[in-house]
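Visitor: Hi, I'm new to this one. Could you walk me through it?
Guide: Happy to, here it is.

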Amino acid sequence: MPVSLIIRTIFIFVIDSISSHLVLYLFLFAIADSRIRWKAVGRMMLISVSLTTLAAWFLYYMVSIHILLSYALSSLVTIGLNVILITVYLKWHPLKSLTALALAAVMQVGTGAIFASIISGVSIAESAGLVKYIFWMVIVYPAVVFAICLLLTRLQLGRYMRFLLSDEKSLVFTASAALVLEIFVELLFTMKDVFQANFNFTYILSILTFLLLILCFFTYISAKGERDSKIRMQEAMLLEQRHYMENLEAIQKEMRAFRHDYKNILSGMSVYAEEGNTQEIKNALRKMEADFDYKVGENIREAGQLGNIQIPELKSLVLSKLSRMKEKQIVCNLEVFRPVTEVSMDVLDLNRCLGILLDNAIEAADIMEGSSVDLIISRQEDTVTIIVSNPWNKELALHSIWKEGYSTKGEGRGLGLPGYQRILGKYENVFPVTSWKNHIFTQEIKIMNKG
């Protein structure tokens, strides 16, 4: 190959890489509903274009890998490198970076395939062809994409996509699906030469339709997920309101009863006062105070403790278990030290684990009449600790409770704790502790802040 053509090819590759990266970042910010940070874009483009150009040059010219395989490997390098750059420069979560980048890459490759088809037949070996290629791919292509991104922003695409880019559980699915679609679009791009001869219009129309379907699909999934999340939050709020109303009604009932007792106590105290019996007056006052704390103060205290749980899903679980315990007439001693606003653990996993512990404690308390359940949630600067304990004076083998099917409460049980252990095994920052001392069975979950 002549040196002049090699230089021209490298030049085309570099400007094409710059144009493609610019388009990629434009789509990235539109999808993520984020303001374009041009300084960060400039730094990322400088690093990514330089390294991907060197990678493509090394693969194709030095290792002599087939051009299609070289293109595929270069694409993987580009995606991996840009995930790192976005995480570092934009401070996004790595999964969010991967998801948004994969979706942006789908749009970038798809639109790139359309523009490549429009200027098919242009020869970069000729000066006129080179100028036409630069005009379309370096000027028109980014300008059109910029206009598309403005339209997508106006249509609030990023707002609809926000749920998929913020929900940690959805990110894994979205990233995987977006990567699969990106690979598929890359394959369509490499097949453009097959279609350009006789089916160029059909090829362009197919790409446009495919891109629109992708946007509609992910927008629908995100909107549905956000709607379901809002419904769950509303259900949690309704449950909380119902619980507070029940508490309020209980307080009103106890206040009416206390008012009646209060009059009787005052009548008795007036007799003691006439007799000068101050000791009996003190005893009556202490009894009145104790009765008030027991009958009314407990409901007020519980409402205050629940107010410290500021994670809707977690509060919903605790409320449902409290209602279940009240139905079974099991006393629950709830303590929540300091407001709990977040935990460094998937909330659904935490609810599954805490649900298992509370269900086991409720079952044990139901068997042992007169026993209670203690639930303590404590937040320190870098740790959230959850403790569930209940009395258990029967036989218990701590080394066996993690085995499938083992239970001290009868057949058909013993499936909770092994599942609990498997869930927590996914987290390096979560430390479970189990103990049985003085006939008190205690389960503790210590969640360290990942930061």
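Visitor: Before we start, what sort of model is it?
Guide: It is a predicted model, where local features need pLDDT of at least 70, side-chain atom pairs count only at pLDDT 80 or more, and totals for chains, interfaces and linings use all residues. Residues are numbered from 1 along each chain as its sequence is written, and side-chain values use heavy atoms, with hydrogens and water left out.

Visitor: Okay, how many helices and strands are in the protein chain?
Guide: The protein chain has 13 helices and five strands. These are DSSP runs numbered from the N terminus: H or I with at least four residues for helices, E with at least two for strands.

Visitor: And how much of the chain is buried?
Guide: Of the 451 residues, 42% are buried. Buried means under 20% relative accessible area, exposed means over 50%, and partly exposed is in between, using a 1.4 Å probe and protein chains only.

Visitor: What share of the contacts comes from residues 24 or more positions apart?
Guide: Among contacts with a separation of 6 or more, 72% are between residues 24 or more positions apart. A contact means heavy atoms within 4.5 Å.

Visitor: Can we zoom in? Where is asparagine 82 found?
Guide: Asparagine 82 sits in helix α3, residues 67-89. Its relative accessibility is 0%, so asparagine 82 counts as buried.

Visitor: What does its side chain make a polar contact with?
Guide: The side chain of asparagine 82 pairs with that of tyrosine 25 at 2.3 Å, and it also reaches the backbone oxygen of threonine 78 at 2.7 Å. A polar contact is a pair of N or O atoms within 3.5 Å; within protein, one must be able to donate a hydrogen and the other to accept it, and residues adjacent in sequence count only if both atoms are side-chain atoms.

Visitor: Which residues does methionine 44 have contact with?
Guide: Leaving aside neighbours within four places in sequence, methionine 44 contacts Tyr25, Leu85, Ile86, Tyr89 and Leu90. Methionine 44 belongs to helix α2, residues 38-62, and counts as buried because its relative accessibility is 0%.

Visitor: Now threonine 111: buried or exposed?
Guide: Threonine 111 is buried, at 8% relative accessibility. It lies in helix α4, residues 94-118, and its side chain makes a polar contact of 3.1 Å with the side chain of tyrosine 141. Not counting residues up to four places away in sequence, threonine 111 also touches others, including Val23, Phe27 and Leu211.

Visitor: Switching topic, how many salt bridges does the structure hold?
Guide: The structure holds six. A salt bridge is a side-chain nitrogen of Lys or Arg within 4 Å of a carboxyl oxygen of Asp or Glu.

Visitor: Which residue does lysine 321 meet in a salt bridge?
Guide: Lysine 321 meets aspartate 359, at 2.7 Å from N to O. That pair links distant parts of the chain, with lysine 321 in helix α11 (residues 312-327) and aspartate 359 in helix α12, 38 residues apart. Lysine 321 is buried at 12%, while aspartate 359 is partly exposed at 23%. Lys321, Arg324 and Asp359 are linked in a network of salt bridges.

Visitor: What about aspartate 349, which lysine does it pair with?
Guide: Aspartate 349 bridges to lysine 426, with the closest N and O atoms 3.0 Å apart. Aspartate 349 is in helix α12 and lysine 426 is in the loop between α13 (416-424) and β4 (430-437), so the pair ties together parts 77 residues apart in sequence. Aspartate 349 is buried at 2%, whereas lysine 426 is exposed at 53%.

Visitor: Last topic: what volume does the largest cavity have?
Guide: The largest cavity has a volume of about 50 Å³. On a 1 Å grid over the protein atoms alone, a cavity is a set of points where a 1.4 Å probe fits but cannot get out, and lining residues have an atom within 4 Å of a point. Grid points are joined across faces, edges and corners, and a volume is the space filled by probe spheres set on the points.

Visitor: Which element gives the most to its lining?
Guide: That is α9, with three residues. The lining residues are Ile31, Leu103, Met107, Leu157, Met161, Ile214, Leu215 and Phe218.

Technical notes. On a 1 Å grid over the protein atoms alone, a cavity is a set of points where a 1.4 Å probe fits but cannot get out, and a pocket is an open set with protein on both sides within 12 Å along at least five of seven lines; lining residues have an atom within 4 Å of a point.
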